[in-house]
Amino acid sequence: MLGVIGGSGFYSFFGDDARRVQCDTPYGAPSAPITIGTVGGHEVAFLPRHGEGHEYSAHTVPYRANMWALRALGVRRILAPCAVGSLTPDLPPGAVVVPDQLVDRTRDRADTYFDDGGVHVEFADPYCPTLRTVVTGLPDVVDGGTMVVIQGPRFSTRAESQWFAAAGFRLVNMTGYPESVLARELEMCYAAVALVTDLDAGVDVGSGVKVVDVFAEFQKNIEPFKALVHQAIEQIDEERTCTHCLPHEGIQLPFELP
Ligand SMILES: [Zn+2]
């Protein structure tokens with residue numbers, strides 16, 4: 001089964017024929033009931049990251065419960081649409097980018113299932129190469145870029161933003177971590193698909209992030225963005241062939257994966 005974790009604006013993903021599943025996990029309930037429907041011949045489980053009424057802020061999303069619940073339902077490959085700020089004028093609002101690297105600037109988020117047992121996960125390449133290839137093969141999708149994940153819920157200061165840009169990071173976001181590493185710990189393929197909603201404060205032509213502008217830009221692009229995610233799903237192979245996202249081969253885990 002495929003999973004889609006929808007960000008802001010993704011409160012629904014299917015028509016009326018989908019079914020809803022209430023889930024519980026050792027880490028509590030996920031952000032919302034998970035909806036299961038069919039897209040392009042795939043069974044797809046959809047979870048709105050921030051809850052059905054956007055009740056969870058980026059730093060309070062129950063990430064561990066979300067990823068565990070998806071895995072327990074049988075999900076092994078996940079597309080994760082998200083809203084991002086751009087740190088470069090090359091990526092204007094409306095651009096869709098598939099990041100290839102991630103920098104974690106969050107704090108105090110529960111970001112592992114392996115509190116016991118000394119298990120370390122390989123994370124040099126945080127995104128699934130197979131899923132990335134599928135999405136970057138679609139027209140007008142930008143391939144690559146480092147996404148820095150900030151704690152939020154505030155936006156960056158100009159100095160922070162200029163610092164990130166000077167370091168070569170191209171996108172800034174608040175939810176891409178720990179979602180991606182938890183997917184890897186649970187041996188699920190995961191690729192972020194980022195929709196640029198604004199130019200961040202430190203970008204020369206940007207004037208600082210205004211919340212109202214972010215939402216307006218999002219509204220304008222959300223339907224085409226959803227259509228693109230549908231298109232990507234249609235292109236995903238029926239069978240999972242990726243071996244990159246299976247880091248625990250031969251390792252004794254302290255518990256069985258769900
Ligand atoms: Zn993979």
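**Exercise 1. Describe the largest pocket by its volume and its lining.**

Solution. The largest pocket has a volume of about 530 Å³, where a pocket is an open set of points on a 1 Å grid over the protein atoms alone, at which a 1.4 Å probe fits, with protein on both sides within 12 Å along at least five of seven lines. Its volume is the space filled by probe spheres set on those points. Next, the lining (residues with an atom within 4 Å of a point) comprises 27 residues, of which Ser8, Ala83, Phe155, Met174 and Val214 lie nearest the centre. The elements giving two or more residues to this lining are β5 (77–86), β10 (171–173), β11 (189–199) and α5 (211–235).

The model is predicted: local features need pLDDT of at least 70 and side-chain atom pairs pLDDT 80 or more, while totals for chains, interfaces and linings use all residues. Residues are numbered from 1 along each chain as its sequence is written, and side-chain values use heavy atoms, without hydrogens and water.

**Exercise 2. Determine whether Thr146 is buried or exposed, and list its contacts.**

Solution. Thr146 is found in strand β9 (residues 146–150), strands being DSSP runs of E with at least two residues. Thr146 counts as buried because its relative accessibility is 17%, buried meaning under 20% with a 1.4 Å probe and protein chains only. Leaving aside neighbours within four places in sequence, Thr146 is in contact (heavy atoms within 4.5 Å) with Asp100, Gln101, Leu102, Val103, Phe169, Arg170 and Leu171.

**Exercise 3. Locate the cis peptide bond from Gly152 to Pro153.**

Solution. This bond has omega near 0°, and Pro153 is found in the loop between β9 and α3 (158–166).

Note on methods:
Helices (H or I, at least four residues) and strands (E, at least two) are DSSP runs, numbered from the N terminus. Buried means under 20% relative accessible area, exposed over 50%, partly exposed in between (1.4 Å probe, protein chains only).
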